[in-house]
Amino acid sequence: METEFIYWKHLTPVGIKVEEICGADDRSQAVWLAMAMQIYGENGEEYRKIGHFANGAPFLYGETGRISITHTGRFLAVASLPRTPEATLSEFSPRTAMGIDAERMDREQVLKVRERFLSAKELELVPADSLEANIKAWTAKEALYKAAMTSGLDYREDITIIALPEFGLPTALRGETPPAPGKGGIKLPSGEIIPMELYAYESEGCCVMLAYCPKCAKFSVRN
(Lines give C-alpha, C1' and ligand atoms only; values in the text may rest on other atoms or scores of the structure.)
Protein backbone atom coordinates (compact mmCIF):
# COMPACT_ATOMS: atom_id res chain seq x y z
CA MET A 1 0.00 0.00 0.00
CA GLU A 2 2.89 2.38 0.68
CA THR A 3 3.87 2.24 -3.00
CA GLU A 4 0.29 2.84 -4.18
CA PHE A 5 -0.54 5.89 -2.07
CA ILE A 6 1.46 9.08 -1.58
CA TYR A 7 1.08 10.95 1.72
CA TRP A 8 2.64 14.31 2.55
CA LYS A 9 1.99 17.29 4.79
CA HIS A 10 2.96 20.92 4.84
CA LEU A 11 2.32 24.14 6.72
CA THR A 12 0.83 26.79 4.47
CA PRO A 13 2.05 30.40 4.66
CA VAL A 14 -1.27 31.36 6.29
CA GLY A 15 -0.66 29.09 9.30
CA ILE A 16 -3.02 26.23 8.41
CA LYS A 17 -1.61 22.71 8.21
CA VAL A 18 -2.66 20.57 5.25
CA GLU A 19 -2.12 16.84 4.84
CA GLU A 20 -2.66 15.32 1.40
CA ILE A 21 -3.03 11.81 -0.01
CA CYS A 22 -3.13 10.77 -3.67
CA GLY A 23 -2.37 7.76 -5.88
CA ALA A 24 -3.81 4.22 -6.22
CA ASP A 25 -5.78 5.12 -9.35
CA ASP A 26 -6.91 1.52 -9.89
CA ARG A 27 -9.02 1.43 -6.72
CA SER A 28 -12.77 1.98 -6.76
CA GLN A 29 -13.79 5.36 -5.32
CA ALA A 30 -15.34 3.95 -2.15
CA VAL A 31 -12.37 1.70 -1.44
CA TRP A 32 -9.91 4.45 -2.28
CA LEU A 33 -11.52 6.93 0.10
CA ALA A 34 -11.67 4.41 2.96
CA MET A 35 -8.01 3.53 2.49
CA ALA A 36 -6.99 7.20 2.22
CA MET A 37 -8.78 7.94 5.49
CA GLN A 38 -6.98 5.02 7.10
CA ILE A 39 -3.62 6.33 5.88
CA TYR A 40 -4.45 9.75 7.30
CA GLY A 41 -5.31 8.16 10.65
CA GLU A 42 -1.98 6.33 10.78
CA ASN A 43 0.25 9.28 9.88
CA GLY A 44 -0.17 11.53 12.91
CA GLU A 45 1.77 11.53 16.15
CA GLU A 46 -0.75 8.92 17.27
CA TYR A 47 -3.69 7.20 15.58
CA ARG A 48 -6.42 9.67 14.62
CA LYS A 49 -10.07 8.76 14.14
CA ILE A 50 -12.43 11.11 12.32
CA GLY A 51 -15.99 11.66 13.54
CA HIS A 52 -18.77 14.03 12.45
CA PHE A 53 -21.00 16.43 14.36
CA ALA A 54 -24.76 16.47 13.76
CA ASN A 55 -24.27 19.26 11.19
CA GLY A 56 -21.83 17.08 9.23
CA ALA A 57 -18.65 18.93 10.18
CA PRO A 58 -15.69 16.60 10.87
CA PHE A 59 -13.66 16.39 14.06
CA LEU A 60 -10.93 14.23 15.54
CA TYR A 61 -11.84 12.15 18.59
CA GLY A 62 -9.97 13.42 21.63
CA GLU A 63 -8.79 16.61 19.91
CA THR A 64 -9.95 20.22 20.34
CA GLY A 65 -8.63 21.67 17.07
CA ARG A 66 -10.73 22.30 13.98
CA ILE A 67 -10.25 20.11 10.93
CA SER A 68 -11.82 20.33 7.49
CA ILE A 69 -11.78 17.63 4.80
CA THR A 70 -12.07 17.58 1.01
CA HIS A 71 -11.65 14.92 -1.63
CA THR A 72 -12.01 14.83 -5.39
CA GLY A 73 -11.11 11.91 -7.62
CA ARG A 74 -7.99 10.29 -6.18
CA PHE A 75 -7.01 13.27 -4.04
CA LEU A 76 -7.79 13.88 -0.36
CA ALA A 77 -6.73 16.79 1.84
CA VAL A 78 -7.29 17.48 5.54
CA ALA A 79 -6.68 20.99 6.90
CA SER A 80 -6.20 21.59 10.62
CA LEU A 81 -5.90 24.44 13.11
CA PRO A 82 -4.18 24.43 16.53
CA ARG A 83 -6.07 23.26 19.59
CA THR A 84 -8.76 25.73 20.62
CA PRO A 85 -10.32 24.45 23.88
CA GLU A 86 -11.92 27.88 24.38
CA ALA A 87 -14.23 27.28 21.38
CA THR A 88 -17.06 24.80 20.82
CA LEU A 89 -16.15 22.96 17.62
CA SER A 90 -19.74 21.99 16.80
CA GLU A 91 -20.68 25.68 16.44
CA PHE A 92 -19.41 28.61 14.43
CA SER A 93 -16.68 30.67 16.06
CA PRO A 94 -14.24 33.16 14.50
CA ARG A 95 -11.51 31.29 16.40
CA THR A 96 -12.17 28.09 14.42
CA ALA A 97 -13.68 29.43 11.19
CA MET A 98 -11.77 27.48 8.52
CA GLY A 99 -12.71 25.31 5.56
CA ILE A 100 -10.91 23.54 2.73
CA ASP A 101 -12.11 22.47 -0.69
CA ALA A 102 -10.45 21.02 -3.77
CA GLU A 103 -11.52 20.53 -7.37
CA ARG A 104 -9.77 19.33 -10.49
CA MET A 105 -8.50 22.18 -12.64
CA ASP A 106 -9.95 20.58 -15.78
CA ARG A 107 -13.55 20.22 -14.57
CA GLU A 108 -15.32 22.22 -17.26
CA GLN A 109 -18.80 21.48 -15.87
CA VAL A 110 -18.25 24.35 -13.44
CA LEU A 111 -18.59 26.81 -16.32
CA LYS A 112 -22.12 25.55 -17.01
CA VAL A 113 -23.42 26.09 -13.47
CA ARG A 114 -21.70 29.35 -12.47
CA GLU A 115 -25.02 31.21 -12.37
CA ARG A 116 -26.20 28.83 -9.65
CA PHE A 117 -23.51 29.73 -7.11
CA LEU A 118 -22.33 33.22 -8.10
CA SER A 119 -24.22 36.45 -7.36
CA ALA A 120 -24.71 39.13 -10.01
CA LYS A 121 -21.63 41.02 -8.74
CA GLU A 122 -19.56 37.85 -8.64
CA LEU A 123 -20.55 36.98 -12.22
CA GLU A 124 -18.91 40.26 -13.22
CA LEU A 125 -15.87 39.53 -11.03
CA VAL A 126 -15.26 36.02 -12.37
CA PRO A 127 -14.65 35.90 -16.16
CA ALA A 128 -17.06 33.53 -17.88
CA ASP A 129 -14.34 32.26 -20.23
CA SER A 130 -11.73 31.49 -17.54
CA LEU A 131 -11.92 27.91 -16.29
CA GLU A 132 -9.25 28.60 -13.67
CA ALA A 133 -11.13 31.58 -12.23
CA ASN A 134 -14.40 29.65 -12.07
CA ILE A 135 -12.74 26.66 -10.41
CA LYS A 136 -11.29 29.04 -7.83
CA ALA A 137 -14.71 30.62 -7.31
CA TRP A 138 -16.41 27.25 -6.86
CA THR A 139 -13.85 25.99 -4.35
CA ALA A 140 -13.94 29.33 -2.53
CA LYS A 141 -17.70 29.07 -2.10
CA GLU A 142 -17.42 25.49 -0.86
CA ALA A 143 -14.60 26.30 1.57
CA LEU A 144 -16.45 29.35 2.92
CA TYR A 145 -19.60 27.29 3.43
CA LYS A 146 -17.66 24.69 5.41
CA ALA A 147 -16.08 27.44 7.51
CA ALA A 148 -19.51 28.89 8.31
CA MET A 149 -20.64 25.74 10.19
CA THR A 150 -24.22 26.87 9.47
CA SER A 151 -26.63 24.90 7.32
CA GLY A 152 -29.07 26.57 4.95
CA LEU A 153 -26.89 29.48 3.86
CA ASP A 154 -27.49 30.70 0.29
CA TYR A 155 -24.39 30.34 -1.88
CA ARG A 156 -25.17 33.45 -3.90
CA GLU A 157 -26.31 35.78 -1.14
CA ASP A 158 -24.78 34.59 2.15
CA ILE A 159 -21.42 33.28 0.91
CA THR A 160 -19.54 36.13 -0.74
CA ILE A 161 -16.40 36.41 -2.85
CA ILE A 162 -14.85 39.87 -2.99
CA ALA A 163 -11.47 38.99 -4.55
CA LEU A 164 -10.04 35.68 -5.71
CA PRO A 165 -6.53 34.73 -4.57
CA GLU A 166 -3.58 33.95 -6.82
CA PHE A 167 -1.96 30.54 -6.45
CA GLY A 168 0.72 30.82 -3.81
CA LEU A 169 2.22 27.66 -2.33
CA PRO A 170 5.19 27.03 -4.68
CA THR A 171 6.25 30.65 -4.31
CA ALA A 172 6.10 30.39 -0.52
CA LEU A 173 8.06 27.15 -0.50
CA ARG A 174 10.87 28.91 -2.36
CA GLY A 175 11.08 31.41 0.48
CA GLU A 176 9.38 34.17 -1.50
CA THR A 177 6.52 36.29 -0.21
CA PRO A 178 3.17 34.65 -1.04
CA PRO A 179 0.58 36.74 -2.89
CA ALA A 180 -1.99 38.70 -0.93
CA PRO A 181 -4.96 36.56 0.16
CA GLY A 182 -8.29 36.72 -1.56
CA LYS A 183 -11.25 38.19 0.28
CA GLY A 184 -14.70 36.89 1.07
CA GLY A 185 -17.43 36.96 3.66
CA ILE A 186 -20.04 34.89 5.47
CA LYS A 187 -23.45 36.28 6.40
CA LEU A 188 -24.81 34.45 9.44
CA PRO A 189 -28.57 34.03 10.12
CA SER A 190 -28.24 36.79 12.74
CA GLY A 191 -27.28 39.21 9.96
CA GLU A 192 -23.68 39.49 11.16
CA ILE A 193 -21.14 39.49 8.34
CA ILE A 194 -17.84 37.73 9.06
CA PRO A 195 -14.88 38.89 6.92
CA MET A 196 -12.90 35.94 5.57
CA GLU A 197 -9.65 35.43 3.69
CA LEU A 198 -8.88 32.97 0.89
CA TYR A 199 -5.65 31.15 0.06
CA ALA A 200 -5.22 28.85 -2.94
CA TYR A 201 -2.55 26.58 -4.38
CA GLU A 202 -2.29 23.85 -7.03
CA SER A 203 -1.62 20.23 -6.13
CA GLU A 204 -1.92 17.05 -8.22
CA GLY A 205 -3.92 18.83 -10.92
CA CYS A 206 -6.33 20.28 -8.36
CA CYS A 207 -7.11 23.74 -7.06
CA VAL A 208 -6.92 23.60 -3.26
CA MET A 209 -8.71 26.47 -1.52
CA LEU A 210 -8.54 27.48 2.13
CA ALA A 211 -11.09 29.88 3.60
CA TYR A 212 -10.36 31.22 7.07
CA CYS A 213 -11.26 34.05 9.42
CA PRO A 214 -8.34 36.38 10.22
CA LYS A 215 -9.22 35.82 13.90
CA CYS A 216 -8.93 32.03 13.79
CA ALA A 217 -6.17 30.19 15.64
CA LYS A 218 -3.17 29.49 13.41
CA PHE A 219 0.10 27.63 13.62
CA SER A 220 3.27 29.69 13.58
CA VAL A 221 4.58 29.75 10.02
CA ARG A 222 8.08 29.41 11.50
CA ASN A 223 7.33 25.88 12.78
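Biologist: Which residue of β6 stands opposite V18?

Modeller: This is a predicted model, in which local features need pLDDT of at least 70, side-chain atom pairs count only at pLDDT 80 or more, and totals for chains, interfaces and linings use all residues. Residues are numbered from 1 along each chain as its sequence is written, and side-chain values use heavy atoms, with hydrogens and water left out. Strand β2 (residues 17-23) and strand β6 (residues 75-83) run antiparallel and are joined by 6 bridges; strands are DSSP runs of E, at least two residues, and helices are runs of H or I, at least four, numbered from the N terminus. The residue opposite V18 is A79.

Biologist: Which strands are the edge strands of the open sheet?

Modeller: The sheet has 4 strands in the order β1-β2-β6-β5, with antiparallel pairing, where a pair needs at least two DSSP bridges. Two strands each pair on one side only: β1 (5-11) and β5 (65-72).

Biologist: What angle does the direction of helix α1 make with that of β2?

Modeller: Helix α1 (residues 29-42) packs on the sheet and touches β1, β2, β5 and β6, contact being heavy atoms within 4.5 Å. Directions run N-to-C along lines fitted to C-alpha atoms, for helices over the stretch in contact, with angles from 0 to 180 degrees. For α1 and β2 the angle is about 140°.

Biologist: Which residues of α1 are buried?

Modeller: Buried means under 20% relative accessible area, exposed over 50% and partly exposed in between (1.4 Å probe, protein chains only). The cover over the buried residues of α1 includes β1, β2, β3 (50-52), β4 (58-60) and β6. The buried residues are W32, M35, A36, I39, Y40 and G41.

Biologist: How is the aromatic pair of F117 and W138 arranged, stacked or edge-to-face?

Modeller: Among the 7 aromatic pairs, F117 and W138 lie 5.0 Å apart centre to centre, with 70° between the planes. This pair links helix α3 (residues 114-117), which holds F117, to helix α5 (residues 131-148), which holds W138, 21 residues apart. Rings of Phe, Tyr and Trp (its six-membered ring) pair with centres within 6.5 Å; planes under 30 degrees apart are stacked, over 60 edge-to-face and the rest tilted. The arrangement is therefore edge-to-face.

Biologist: Why does F117 count as buried?

Modeller: F117 belongs to a cluster in which ring pairs link F117, W138, Y145 and Y155. W138 counts as partly exposed because its relative accessibility is 22%. F117 counts as buried because its relative accessibility is 3%.
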